[in-house]
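Here's a quick briefing to read alongside the structure.

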Amino acid sequence: MDLTELQEIAEAERQAQKSIRVHCCTSTGCQAANSLGVKKNLEGAVKAADLGDRVQVVGVGCMGFCGRGPLVEIDPQDKLYEEVTPDDAASIIESLNGGTATANEGDLNHPFFARQMRIVRETSGKIDPERIEEYIAAGGYQSLYKVIHDMTPAEVVDQISKSGLRGRGGGGYPTGLKWATMAKMPGEQKYVICNADEGDPGAFMDRSVLESDPHRVLEGMAIAGYAVGATQAFIYVRAEYPLAIDRLQKAIKQAKRLSLLGSQIFGSPFDFKVDIRIGAGAFVCGEETALIASVEGGRGLPRPRPPYPAQSGLWGCPTLINNVETFANIAVIIREGAEWYANIGTEKSKGTKVFALTGKIRNNGLIEVPMGITLREIVEEMGGGVPDGEVKAVQTGGPSGGCIPASLLDTPVDYDSLVTIGSMMGSGGMVVMDETTSMIEVAQFYMEFCRGETCGKCIPCRVGTVQMYQALTKILKGEATMRDIEQLEQLCGMVKDTSLCGLGQTAPNPVMSTLRYFRDEYLVLLQDSPNGKVAVKS
Amino acid sequence: MSVKTLTIDGVDVAIEEGATLLTAAKEAGVHIPTLCHLEGVTDVGACRLCLVEIEGINKLLPACVTEVSEGMKVHTNTETLQEYRRMVVEMLFSEGNHICAVCVVNGNCQLQDAAIEVGMDHTRFPYRFPQRDVDVSHDRFGLDHNRCILCTRCVRVCDEIEGAHVWDVAGRGPASRIISGLAQPWGEVEACTSCGKCVDACPTGSLFRKGSTVAEMEKDRGKVEFLVTAREEHKWTR
């Protein structure tokens, strides 16, 4: 395979594509709402109307507006239909001949779509994730060719560093620095791991990327492998994502068939093999050292760092771990250049971030926005606000994050601003809450999650989360006193400071942020404060 | 081999590169409490009792797995650390059913020692009183899950020194428990050589020899270190 052949595949694919493409979402969310039935009827209607020569029904990945699925989009007419039923299919096809479609028409100019900037999701919802040809026709694998033939590994690392990309798993560690460390590590055997163990309640960005455009992730991983000197990679994906696993398997097979993965990629000496490892669905396995232990076949327990995986990871070898979304950015950075990427976002948070916008909000779904956009723009403009009433808080970052009160909605969304107000980016879950939500119940929900997901290795996390959950339950039952609040705060500090891994270190965040911003809710429930008016030092 | 110099609680110490802070502290004559650490087996950094403060690092680091580096200024007994250590021990007492008065190692127990050391006379956390079993299926030994603190010393000793790997941890979080074999009764585990190293390694009365009455049982916790030294350095004296 060389560049000409790659371009030939792209050209042949473009030629073969019909002038009208009816995109039908086949991601998990829409499938659950019977999008496969819609797709089948659409195909039947095309056949019945004898439009096969110019209309093509394509099963595509996620278009983002998951709350209104199944979605059908007509390309190039830019028409979007929402909540489509199989019965609507015939009328949608008829509308191509001037008829009227019975399905609800969506507004592609709505801020939900218009305010987005799509880098990671640029082809998501536009191509068939199960066909490598469509990805290649969209420019896929050209970045990989470019790095292998025109760039040295050091130049690739340099580009990623200059782009300012930071780890999208939530911590925000500079990706270029991680790659540079890895590239400088001695050793014949190095590994690349893609962390697809997304487990935050309310988050489904990584699943969507894998289901909608698996090749983008594979290409990013291969570029990483070339840059850091690794020849073997693993994608660690949780078993709860069967469709993502299935599409990844297909994608790896197709890429191998075209020699875009495997040995001597693009006729160069660069070999890169990717295997899938399926995780049993433990939240802690998203932590890199626990993930490595799990890939090795052991119990998914974290270990103290240092040594960091870049020094000693999988089987003691240097290992690069990045999240799905991080890898999905790579090919675009190489294609468009580091400077282009660095111009997007804020000074310290470059590029875009995908969020799963859910909760009490009109427009549920996946959005990709440039960093620095305010929470208010996301929630009120794009999300359309709360259906009845006002926004009370926004929870970002899942169990590791915190609840941001409505008064801070003008905070820009970037790594550092969110940490300053007691939350974090996390992997990108964003749950909107309205006035009917009890913030203590929210804190209790996340603590219940952490209590069940702590691995049990270190004492502060194993016992502390249980004690915090019990304290919150006691408060909710109205049996607590001021002493319990003080003890809860003490527990939060201790668990945060002394836990072994990120799970325990961040588990108190939802409690701490609700205590900080919604303290009154706690106080009115206390036994010794019937009026809720207790002088408290905050 | 190079040597690093550092200060631990103001005491200057010179120690070979690669040594842990715990070893360095020992050399400096500074005592750091531990529970999951046992000389002779690998460290896991799980009990968090040996956390120390290092100037210039805003995280607390476990002394048992943190390597010394040049010019480190380590504090092992600050007010915060004292408070956190006490909370760790309180948490352990609230988690299991630790009734010293009816325990075979009363007076010889490292959890008890730790409690005394950190000044714990009661726990401010509510007791959970979990329902836990006792396994006395083995001819010579017994396992009382009520007293187990999941330090995994037994797991490591059996795996790394005896090579039998009888022990493991099953379950997650608060449901974690030590299991023998594939969660079989200990007496039915064919891999067990009945060597008793796990019993000696156990810091509490969780693993015990049958026939010992309360306060009679003494454990030989130096045995593992002795065996490792004997094997590696061929020194057969204690």
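**Salt bridges and what they join**

A:Arg68 and A:Glu82 form a salt bridge, with their closest N and O atoms 3.3 Å apart. A:Arg68 sits in the loop between β2 (55-60) and β3 (72-75) of chain A and A:Glu82 in strand β4 (residues 79-82) of chain A, so the pair ties together parts 14 residues apart in sequence. Keep in mind that this is a predicted model.

- Over all chains, the structure holds 45 salt bridges.
- As background, side chains of opposite charge can pair when their charged atoms come close.

**Where chain A meets chain B**

- On the contact count, 31 residues of chain A touch 30 residues of chain B.
- About 2,600 Å² is buried between chain A and chain B, and carbon and sulfur atoms give 58% of that.
- Over on chain A, the residues losing the most area to chain B are A:Ile459, A:Arg462 and A:Met494, which together make up 23% of what that side buries.
- Two salt bridges run between chain A and chain B.
- A:Glu453 forms a salt bridge with B:Arg172, where the closest N and O atoms are 3.3 Å apart.
- Polar contacts between chain A and chain B come to 17 residue pairs, counting pairs with both residues at pLDDT 80 or more.

**A helix pair in chain A**

- Helix α7 (residues 142-150) of chain A packs with helix α14 (residues 324-336) of chain A at an angle of about 65°, and their axes are 9 Å apart.
- The crossing of α7(A) past α14(A) is left-handed.
- From α7(A), A:Ser143, A:Lys146 and A:Val147 meet A:Ala331, A:Ile334 and A:Arg335 of α14(A).
- Residues in this contact of α7(A) with α14(A) split into three nonpolar, one polar and two charged.

- Going from A:Arg305 to A:Pro306, the peptide bond is cis, with omega near -5°.
- The next step, from A:Pro306 to A:Pro307, is also a cis peptide bond, with omega near 0°.
- Where do these prolines sit? A:Pro306 is in the loop between α13 (288-295) and β9 (319-323) of chain A, and A:Pro307 is in the loop between α13 and β9 of chain A.
- B:Asp9 has a positive phi of about 50° despite not being a glycine.
- You'll find B:Asp9 in the loop between β1 (3-8) and β2 (11-16) of chain B.

Definitions and conventions:
Residues are numbered from 1 along each chain as its sequence is written. Chains are lettered from A and ligands numbered from 1 in the order in which they are written. This is a predicted model: local features need pLDDT of at least 70, side-chain atom pairs count only at pLDDT 80 or more; totals for chains, interfaces and linings use all residues. Side-chain values use heavy atoms; hydrogens and water are left out. Axes are lines fitted to C-alpha atoms, for helices over the stretch in contact, and angles run from 0 to 180 degrees between N-to-C directions. Helices (H or I, at least four residues) and strands (E, at least two) are DSSP runs, numbered from the N terminus. A crossing is left-handed if the near helix is turned anticlockwise from the far one by less than a right angle, and right-handed if clockwise. Contact means heavy atoms within 4.5 Å. Ala, Val, Leu, Ile, Met, Phe, Trp, Tyr, Cys and Pro count as nonpolar, Asp, Glu, Lys and Arg as charged, and the others, Gly among them, as polar. Buried area is the accessible area (1.4 Å probe) that two parts lose on being put together, summed over both. A salt bridge is a side-chain nitrogen of Lys or Arg within 4 Å of a carboxyl oxygen of Asp or Glu. A polar contact is a pair of N or O atoms within 3.5 Å; within protein, one must be able to donate a hydrogen and the other to accept it, and residues adjacent in sequence count only if both atoms are side-chain atoms.
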